[in-house]
Amino acid sequence: RCWVTLLYKLESWLVHIVVDTCTPEWTWGRDAFWIAFLAAYPDFPHGSWPLWNSRISLEGAFIESWTLTEDPEDSPALITDHDTIRAVIWTEFQ
């Protein structure tokens, strides 16, 4: 539940405060948003999850490493255990 709260606060901060997508703050916030999003909804990109603000693109080092790999067998998105997913994400978040 804490991850859900964090992701919505990050989403609001990005869309209403930072606004400019060409700033370092936006890049940092977008990456932090995706870390929180995946921790909150560990079945992403499979299963169901809520829509996010479309201004927040599916880009950035973290989300791209999670969803795009040259070898699909190496994709972290294939991990199905939620505790393991959150442990991987927590390591990245620190």
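The model is predicted: local features need pLDDT of at least 70 and side-chain atom pairs count only at pLDDT 80 or more, whereas totals for chains, interfaces and linings use all residues. Residues are numbered from 1 along each chain as its sequence is written, and side-chain values use heavy atoms, with hydrogens and water left out.

The partners in the salt bridge are R30 and D31, whose closest N and O atoms are 4.0 Å apart. Side chains of opposite charge can pair when their charged atoms come close. R30 counts as buried because its relative accessibility is 12%; buried means under 20% relative accessible area, exposed means over 50%, and partly exposed lies in between, with a 1.4 Å probe and protein chains only. D31, at 19% relative accessibility, is likewise classed as buried.

## Overall architecture

The chain contains four helices and zero strands. Here helices (H or I, at least four residues) and strands (E, at least two) are DSSP runs, numbered from the N terminus. Along the sequence, the pattern is α-α-α-α.

Of the 94 residues of the chain, 36% count as buried. The accessible surface comes to about 5900 Å², and 56% of it belongs to carbon and sulfur atoms; such areas come from the Shrake-Rupley method with a 1.4 Å probe, and for residues only the protein chains shown count as cover. Among the contacts (heavy atoms within 4.5 Å) with a separation of 6 or more, 55% join residues 24 or more positions apart.

## Helix 2

Helix 2 covers residues 24-40, and its 17 residues should span 24 Å at 1.5 Å a residue; the end C-alpha atoms are 24 Å apart, which agrees. The expected span is 1.5 Å times one less than the number of residues. Because 13 of its 17 residues are buried, helix 2 is largely enclosed by the rest of the structure.

G29 is located in helix 2 and is buried, at 0% relative accessibility. Leaving out residues up to four places away in sequence, G29 touches W13 and L14. G29 and L7 are 22 residues apart in sequence, and their C-alpha atoms are 9.8 Å apart in space.

R30 also has its place in helix 2. A polar atom of the R30 side chain lies 3.0 Å from the backbone oxygen of E59. Beyond its neighbours within four places in sequence, R30 is in contact with L14, I56, S57, E59 and G60.

## The nonpolar core

The largest nonpolar core has 24 residues, and those with the most contacts inside it are F33, W34 and I89. Such a core is a set of buried Ala, Val, Leu, Ile, Met, Phe, Trp, Tyr and Cys residues joined through side-chain atoms within 4.5 Å. Two or more residues of this core come from each of helix 1 (2-18), helix 2, helix 3 (61-67) and helix 4 (82-93). Helix 2 gives the largest share, 10 residues.

F33 touches L7, L10, E11, L14, W52 and I56, with residues up to four places away in sequence not counted.

T23 lies in the loop between helix 1 and helix 2. With 18% relative accessibility, T23 counts as buried. A polar atom of the T23 side chain lies 3.0 Å from the backbone oxygen of D20.

Definitions and conventions. Salt bridge = Lys/Arg side-chain N within 4 Å of Asp/Glu carboxyl O. Polar contact = N/O pair within 3.5 Å; in protein donor to acceptor, adjacent residues only side chain to side chain.
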